[in-house]
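Have the sequence and the structure open as you read.

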Amino acid sequence: MINIGDAHGAVIRRFLTKLVTLTGPSTAFQELLSGIIMALILVYTVRFGLTEFNDKEGFAVAVIGMCVTWGIIDGILSFYSWEVDARRQTKVLRNEDNTSRESRLNEIVDSFSGTALDLLSNKCEREVCDTILDKELQSQEEFKEDEKSMKKSSLGCIFFSALGLIPVLTPLFFFDDLIEALEVSCILSAIFLFGVGFIMGPYLSVNRFILGAFLAGVSIVISVISVFTGG
């Protein structure tokens, strides 16, 4: 007999896995942390008495607007950054500016900064990039497919940024007093952040518990500092 709870859990896992695949683990991780930190900034601003809200609904609208807007901005910037890089690298590979092979090679090498290729030795990295200069470019149809994938990735940025609202908004449904609800939000956010680090630990070859504690502590500290520095 199929357990309904397990079936629902499997569906949710597949859905989240697909979203992570669209954005990439590092981007999903980054956007999730950004969303939580953005929400916590407003939480601590209220708790420290620097901002006031007349009711829970007003706070909820403000924090949702903050996180979703941040996700939209990040998604748009992510897409257009990719677009600019892709078109520039296409010009380099086609040698539309008639520059020397060495100049083109240096630019291609630089474009792989921060990727897996950057982990190779300088010699191997340049050898790989040198072969790229002689490879056939993708068709216009294939480029359009890449654009579609990046647009989907941008939507993923919005989703993961908004996902950080869960520990902040959940207590509002169970507590009448806003400040009391936000106190619980801070606790839930710390637990949520610990959970994110616990899950991401194996991806980064870092101890689960250490990464979880680090993310929880650092994110909260950043949020508090941002309150007093106008962040």
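## Surface patches

Start with Ile210, which is exposed at a relative accessible area of 56% (buried means under 20% relative accessible area, exposed over 50%, and partly exposed in between, with a 1.4 Å probe and protein chains only). Before going further: this is a predicted model, where local features need pLDDT of at least 70, side-chain atom pairs count only at pLDDT 80 or more, and totals for chains, interfaces and linings use all residues. Residues are numbered from 1 along each chain as its sequence is written, and side-chain values use heavy atoms, with hydrogens and water left out.

Ile210 sits in helix α9; helices here are DSSP runs (H or I, at least four residues), numbered from the N terminus. Together with Ile199, Tyr203, Leu204 and Val206, Ile210 makes a nonpolar surface patch of about 530 Å². The areas come from the Shrake-Rupley method with a 1.4 Å probe, and for residues only the protein chains shown count as cover.

Glu136, Glu141, Glu142 and Asp146 gather on the surface as a patch of negative charge. For the bookkeeping, Asp and Glu count as negative and Lys and Arg as positive, while His and the chain ends are not counted. The place of a charge is taken as CG of Asp, CD of Glu, NZ of Lys or CZ of Arg. Glu141 belongs to helix α6, residues 140–163, and counts as exposed at 58% relative accessibility.

## The core

Now for the inside. The largest nonpolar core has 32 residues, and Phe59, Val63 and Leu172 have the most contacts inside it. Helices α2 (25–47), α3 (56–94), α6, α7 (166–169), α8 (178–204) and α9 (208–229) each supply at least two residues of this core. Of these, α2 gives the most, with twelve residues. A nonpolar core here is a set of buried Ala, Val, Leu, Ile, Met, Phe, Trp, Tyr and Cys residues joined through side-chain atoms within 4.5 Å.

## Salt bridges

Side chains of opposite charge can pair when their charged atoms come close. How many salt bridges does a search of the whole structure find? The search turns up eleven, a salt bridge being a side-chain nitrogen of Lys or Arg within 4 Å of a carboxyl oxygen of Asp or Glu. Here are some of them:

| Pair | N to O distance |
|---|---|
| Arg87 and Glu83 | 2.8 Å |
| Arg88 and Glu107 | 2.8 Å |
| Lys148 and Glu145 | 3.7 Å |

Arg87 and Glu83 both lie in helix α3, four residues apart, which is about one turn of the helix. Arg87 is partly exposed, with a relative accessible area of 43%, whereas Glu83 is buried at 10%.

Arg88 lies in helix α3 but Glu107 is in helix α4 (residues 101–111), so this pair ties together parts that are 19 residues apart in sequence. Arg88 counts as partly exposed at 32% relative accessibility, and Glu107 as partly exposed at 31%.

Lys148 and Glu145 are three residues apart in helix α6, so about one helical turn separates them. Lys148 is partly exposed at 49% relative accessible area, and Glu145 is partly exposed at 45%. Elsewhere, salt bridges that share partners join Glu83, Arg87, Lys144 and Glu147 into one network.

## Loops worth a look

The loop between α3 and α4 holds Asn95 and also Asn98. Asn95 has a positive phi of about 55 degrees although it is not a glycine. Asn98 is another non-glycine with a positive phi, near 55 degrees. Is Asn95 buried or partly exposed? Asn95 is partly exposed, at a relative accessible area of 22%, while Asn98 is exposed at 66%.

Finally, Phe174 is in the loop between α7 and α8 and counts as exposed at 65% relative accessibility. Phe174 and Ile73 are 101 residues apart in sequence and 31 Å apart in space, C-alpha to C-alpha.

Note on methods. Patch = residues over 30% accessible without salt bridge, like charges linked within 9 Å, V, L, I, M, F, W, Y side chains within 5 Å.
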